[in-house]
Amino acid sequence: MESKSFFRFLFFFIAIAFLLLFTWSHLPSAPSPRFTTLLDCASNSPWCTSKNRFQSNQPIPTLTQKPDSSTSNRRLRRHESAVPRHPLDPLTVQEFNKVRSILSSHALFKSSNNYALHSVVLEEPDKDLVLQWEKGQPLFPRTASVIARANGVSHVLTVNLETAEVNVQNTAPPTGYPAMTIEDMTSSIWAPLSDAKFNRTIIERGVNLDDLSCLPISLGWFGKKEENRRLIKVQCYSMKDTANFYMRPIEGLTVLLDMDTKEVVEISDTGRSIPIPKATNTDYRFSEQKLQQQLNLINPISIEQPKGPSFVIEDEHLVKWANWEFHLKPDPRAGVVISRAKVRDLDSGVMRDVLYKGFTSELFVPYMDPTDAWYFKTYMDAGEYGFGLQAMPLDPLNDCPRNAYYMDGVFAAGDGVPYVRSDMICVFERYAGDIGWRHAESPITGMEIKEVRPKVTLVVRMAASVANYDYIVDWEFQTDGLIRIKVGLSGILMVKGSEYENMNQVEGQENLFGTLLSENVIGVIHDHFITFYLDMDIDGSDNSFVKVNLKRQQTSPDESPRKSYLKAVRNVAKTEKDAQIQFKLYDPSEFHVINPTKKTRVGNPVGYKVVPAGTAASLLDHDDPPQSRGAFTNNQIWVTPYNRSEQWAGGLFVYQSQGDDTLAVWSERDRPIENKDIVVWYTLGFHHIPCQEDFPIMPTVSSSFDLKPVNFFESNPILRTPPNVEKDLPVCRPAATA
């Protein structure tokens, strides 16, 4: 008996050893901290992808690999020689390398066996200095803002690129950690493979390791047991027979991992009875569609510009179009940053300030399933993963039209080495057949007048692929002074495996936490909240926020045949709490940002108004841990005094934070905001109850809000724009008569 037990143990030991050896042999090469080649994500996109996933049959290229195309090589050379020309220009390749060199010799990092740079961006000069700077003047000393972890401690520091001085600020918030690095995510999805129990569980679930695809999932914060260590959860899928592995979850299997030590803390497997959904009809690629199902509903369409685009981009980042100019740059956390937006007053010819700085501050995505494998899915996609780090190269002719201009992002990896996120932003003019203004005179007047102007706009676009979800963010500028900020949701749902194949198997009101989309697939209900930071400077920095209420007024019996009418009642917000706005359908208001010291010729204060849309509000309990962290969504509008340290609605350190450094916390100080330099925060909201049309990939759902002039101009600012005439347009011969 003892001999049989010994051989049984020996066989089991050899099997486990072989399994671990097999797993290790299939790992792709890890990024080397010593490489000096600038990485182009166009040819190394799997490594550059945030929320990276493990695909053992598609090894991730090492960072030392050179891009293949000559176009990529030219792009790399251009970035390596780039120099800043504007105080707000992002850090260049040379500056990233200098930061890395300076920090490598600093005592904090020399004494650390293990450190990582979680963020390296430009420390923007003081706002007052930027407002005074004019083109041709020398730039201010360039400084890098760095968030790093060394010896298990988070640090906030600045690096002066001229003096090489490093200032360790140690202003880290009381809770939370910096956004994950790509290396954090990549290493986390490999770590479970060193655990024999995990490998055994995968095989017992009937999944080949070669078909395994895993995601690193931020776990929010749900109590003290999650404190004092950086934790992450890993969940996996089968990618056998489909690229859309998201539709094939290994339901109920969750790995809790220490992100620093890569130790598997816990494995929870509560879904053994739930089958893995079939791959049938899940692949969304055009090449995989059956030819008899191909739809040719429309002919190809393109807007032609025979004289070329009307916009120019000077010095890589200054956009000039029609009566607008603004500074544009990519950002690893925010994605797109619009700065110094000015519009020309066509009467005076003066460029007038509208927006000092605007960007996506945070995205909060809580899922509505309280079960063990789902309750923690309450993502903060900017502060935990980096919204800009997830921006993928845009696809010409499909993401953006002809004549689009493409801008790369240059970011730093965890070891400080710069890499290129190619074609991250596009800029293009759009004409969708919309009308700028029109009027046709009635025949009874005897005047044959028909005046119409086409609406042509300028769009700045990025698309971020946050693992399964895709977000399209547009900043659209109109010649009438309006700025429209639009968010589109597409991509793939995060789904839950289920034992049900048809709703006739579901008894009564059993809670599925979502919709049965296909056999064994449930689309879980969830919300999307996208909060924007808008540092408004209407003809200068000192502005006020005015809530204009529409109030019903009753008439007296002898006053009018009317019994009631509406009156606009203006209330200037004195402090922050006066400007905490929750939208109410039957208490309508307008929300104006005005400059009380600048008046039109008839005496109205100049201003812009926030025109709401996408008004879904969070319905979660305010004491629910995810909502405590996402309390910046408790109101749709907030107004705060400008403070350069208050830019991220979820706080500087979001990962595992407890919600003690958010917009909601700052606003409770109730600081004065009347006739001050103020920041407006607006949250677009979406409730998403999935439906079968969202399977296997979602048609885009969009919403937007506007920043619209209100008494900013003396009259219609596009009155004198000419109409289109046939001779100015290209001659196109139709392929067939309509």
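Author: We can start with the whole chain and then take the sheets one by one.

Reader: What kind of model is it?
Author: It is a predicted model.

Reader: How many helices and strands in the chain?
Author: The secondary structure comes to 11 helices and 33 strands.

Reader: And what share of the residues is buried?
Author: Buried residues make up 53% of the 738 in the chain. The accessible surface is about 34600 Å², with 52% of that belonging to carbon and sulfur atoms.

Reader: What about contacts, how far apart in sequence are the partners?
Author: Take contacts between residues at least 6 apart in sequence: 70% of them join residues at least 24 apart.

Reader: Which residues have the most contacts inside the largest nonpolar core?
Author: Leu212, Leu328, Trp475, Phe532, Leu534 and Phe545. That core has 117 residues. A second, separate core has 22 residues, including Phe96, Val99, Val120 and Val420.

Reader: Is β4 mostly covered or mostly open?
Author: Mostly covered: 7 of the 8 residues in β4 are buried.

Reader: How many bridges between β3 and β4?
Author: There are 8, in the antiparallel sense. Alanine 144 has valine 159 in β4 as its bridge partner. The two strands form a hairpin with 2 residues between them. In that turn, asparagine 151 has a positive phi of about 55 degrees.

Reader: Then β4 to β5, which residues stand opposite each other?
Author: Leucine 157 stands opposite valine 168 in β5, and valine 159 opposite valine 166. β4 (residues 153–160) and β5 pair over 3 bridges, antiparallel. They also form a hairpin, with 5 residues between them. Alanine 164 in that turn has a positive phi of about 65 degrees.

Reader: Switching topic. What is the strand order in the sheet with β6?
Author: The order is β6-β7-β8-β9, again 4 strands in an open sheet with antiparallel pairing. β6 (212–217) and β9 (264–269) each have a single partner strand, so one side of each is left without a neighbour in the sheet. The twist here averages 25 degrees from one strand to the next.

Reader: How many bridges join β8 to β9?
Author: 5 bridges join β8 (residues 253–258) to β9, and the strands run antiparallel. Leucine 257 stands opposite valine 264 in β9.

Reader: Which strands does α7 touch?
Author: Helix α7 (residues 182–190) packs on the sheet and touches β6, β7 (231–238) and β8. Its direction makes about 130 degrees with that of β6.

Reader: And where does α8 lie?
Author: Helix α8 (residues 196–204) lies across β6, β7, β8 and β9. It runs at about 160 degrees to β8.

Definitions and conventions
Residues are numbered from 1 along each chain as its sequence is written. This is a predicted model: local features need pLDDT of at least 70, side-chain atom pairs count only at pLDDT 80 or more; totals for chains, interfaces and linings use all residues. Side-chain values use heavy atoms; hydrogens and water are left out. A nonpolar core is a set of buried Ala, Val, Leu, Ile, Met, Phe, Trp, Tyr and Cys residues joined through side-chain atoms within 4.5 Å. Buried means under 20% relative accessible area, exposed over 50%, partly exposed in between (1.4 Å probe, protein chains only). Contact means heavy atoms within 4.5 Å. Accessible areas come from the Shrake-Rupley method with a 1.4 Å probe; for residues, only the protein chains shown count as cover. Two strands pair if DSSP finds at least two bridges between them. Axes are lines fitted to C-alpha atoms, for helices over the stretch in contact, and angles run from 0 to 180 degrees between N-to-C directions.
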